[in-house]
Amino acid sequence: MSEDYGQELAVVIVTYSPGETLERCLDTLEKATTRPYSVVLADNGSVDGAPEKAAARPGVTLLHTGGNLGYGTAANRGVATLGAEYGWIVVANPDLEFGAGSLDVLLEAATRWPRGGAFGPLIREPSGVVYPSARLVPSLGKGIGHAVVGRVWAGNPWTRAYKQSSTSVVEREAGWLSGSCLLMRRSAFDSVDGFDPRYFMYFEDVDLGDRLSRAGWQNVYVPSAEVVHIQGHSTAQASARMLAVHHESAYRFIADRHQGVRWAPVRAGVRAGLALRLKVEGRRKG
């Protein structure tokens with residue numbers, strides 16, 4: 001596809017039985033920008049009727065992906081339905097509440113960052129706590145430390161560095177941005193072929209941010225734009241399975257970037273460490 005895109009805005013929301021959160025998401029979206037926009041609901045097999053109900057709204061299109069394909073693949077399919085007039089795309093979770101004017105603030109920031117490929121807002125949890133949504137791409141050491149001990153030792157130095165816990169909340173370049181709410185230049189998204197479909201869930205945003213950087217784009221954190229993310233709605237019923245998926249994605253990310261015979265012991269160690277963490281977590285939840 002040509003990279004000569006227009007300036008229209010589209011929002012791709014990935015759904016999987018989102019319940020009432022989707023209606024709230026679309027209600028708040030109406031106040032997030034003064035620009036006209038289209039919405040594509042990339043649905044991964046919902047059974048609650050929420051996407052069908054939402055599709056009755058003007059400007060909302062429902063796309064059935066044909067199954068539970070994962071977040072990144074569904075987002076890719078949603079973007080693929082958009083014409084070349086859409087030069088700006090937002091990929092978002094359905095359990096997201098947009099702050100008033102938040103998308104306009106992100107679009108304004110894009111004028112200050114001509115090489116910005118992805119722009120992420122400040123994300124709050126429902127309690128008001130700021131979620132660390134703009135992070136470093138994990139190095140081997142930080143990635144292993146965070147992945148293996150992050151849940152049992154929250155204040156460990158690897159997790160703090162990875163999450164950039166000590167970094168000021170200012171507009172800046174980041175290694176990657178949370179995929180729960182991303183504004184992207186269509187040309188940047190297409191230049192790296194979007195999300196890697198091998199990631200069913202988790203780390204698809206880490207991988208995307210890393211590949212954007214490698215392609216010469218910037219991931220820009222814009223905390224003057226705010227959203228609220230009600231996390232875990234779609235995965236609450238399958239937490240044990242999702243933990244296993246998280247570990248598999250973490251391993252894939254590290255293994256992809258450390259290939260070859262000389263890295264084989266490292267890959268084996270990461271696999272063993274993640275397996276141990278999964279076992280420990282399983283016992284805690286049991």
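1. Strand 1, spanning residues 8-15, is mostly covered in this predicted model. Seven of the eight residues in strand 1 are buried, each having under 20% relative accessible area.

2. Strand 1 has a parallel partner in strand 4 (residues 86-92), to which six bridges join it. Within this pairing, Leu9 is placed opposite Trp88 of strand 4.

3. Strand 1 also pairs with strand 2 (residues 37-43), again in the parallel sense, and here the pairing extends over seven bridges. Ala10 of this pairing stands opposite Ser38 in strand 2. As a general point, side chains in a regular strand alternate between the two faces of the sheet.

4. For the second largest cavity, the volume is about 30 Å³.

5. Which residues line the second largest cavity? The lining consists of Ala118, Trp176, Leu177, Leu182, Asp205, Leu208, Gly209 and Asn219. Strand 10 (176-177) and helix 8 (204-214) are the elements that give two or more residues to this lining. The largest share, three residues, comes from helix 8.

6. Five of the lining residues of the second largest cavity are nonpolar, two are polar and one is charged.

Note on methods:
Residues are numbered from 1 along each chain as its sequence is written. This is a predicted model: local features need pLDDT of at least 70, side-chain atom pairs count only at pLDDT 80 or more; totals for chains, interfaces and linings use all residues. Side-chain values use heavy atoms; hydrogens and water are left out. Buried means under 20% relative accessible area, exposed over 50%, partly exposed in between (1.4 Å probe, protein chains only). Helices (H or I, at least four residues) and strands (E, at least two) are DSSP runs, numbered from the N terminus. Two strands pair if DSSP finds at least two bridges between them. On a 1 Å grid over the protein atoms alone, a cavity is a set of points where a 1.4 Å probe fits but cannot get out, and a pocket is an open set with protein on both sides within 12 Å along at least five of seven lines; lining residues have an atom within 4 Å of a point. Grid points are joined across faces, edges and corners, and a volume is the space filled by probe spheres set on the points. Ala, Val, Leu, Ile, Met, Phe, Trp, Tyr, Cys and Pro count as nonpolar, Asp, Glu, Lys and Arg as charged, and the others, Gly among them, as polar.
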